[in-house]
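Here is a short report on salt bridges. Look over the sequence and the structure first.

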Amino acid sequence: FIVNRIARPYYAETLQLLLEQAAEPAVLDACLRAAGFRMGPCELMDLIGHDTNFSVTCSVYEANFQDKRYLPSLVQREMVDGGLLGRKSGRGFYRYPEGAPALPAFVPA
């Protein structure tokens, strides 16, 4: 429960910045890694899977009586609807060619 209370706003702020086109995923990830996080938020969402992350966000939003801090992101909904699930599908915010390291290529929502 603590993880969701902390992680949901971490993802939500990142997704809002992406929706506003304030920065690309690689820039946001680099900023958060420079602040001491082991992974940037886009890298982490790609690792978890956007389908899983979006589903949890929807559950947390409902469980917290539609608290706007947990509002599911249109960016992530479109990624899930488009099959851009992250590492498990080979493409999310980054591309994951089989057997190759991630290439920082932003995938617009």
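Does Asp-51 count as buried, exposed or partly exposed? Asp-51 counts as partly exposed, at 28% relative accessibility. Buried means under 20% relative accessible area, exposed means over 50%, and partly exposed lies in between (1.4 Å probe, protein chains only).

## Basis of the model

This is a predicted model: local features need pLDDT of at least 70, side-chain atom pairs count only at pLDDT 80 or more, and totals for chains, interfaces and linings use all residues. Residues are numbered from 1 along each chain as its sequence is written, and side-chain values use heavy atoms, with hydrogens and water left out.

## Salt bridges

The count is 3 salt bridges. The rule asks for a side-chain nitrogen of Lys or Arg within 4 Å of a carboxyl oxygen of Asp or Glu.

## Asp-51 and Lys-88

Asp-51 pairs with Lys-88 in a salt bridge, with the closest N and O atoms 3.0 Å apart. Lys-88 lies in the segment after helix H5 (74-81) and Asp-51 in helix H4 (residues 50-63), so the pair ties together parts 37 residues apart in sequence. Helices are DSSP runs (H or I, at least four residues), numbered from the N terminus.

## Glu-43 and Arg-33

Arg-33 and Glu-43 form a salt bridge; their closest N and O atoms are 2.9 Å apart. Glu-43 sits in helix H3 (residues 41-48) and Arg-33 in helix H2 (residues 25-34), 10 residues apart. Glu-43 is partly exposed at 22% relative accessibility. Arg-33 is partly exposed at 35%.

## Asp-67 and Arg-69

Asp-67 forms a salt bridge with Arg-69, at 2.8 Å between the closest N and O atoms. Arg-69 is partly exposed, with 45% relative accessibility.

Methods:
Helix = DSSP H or I, 4+ residues; strand = E, 2+ residues; numbered from the N terminus.
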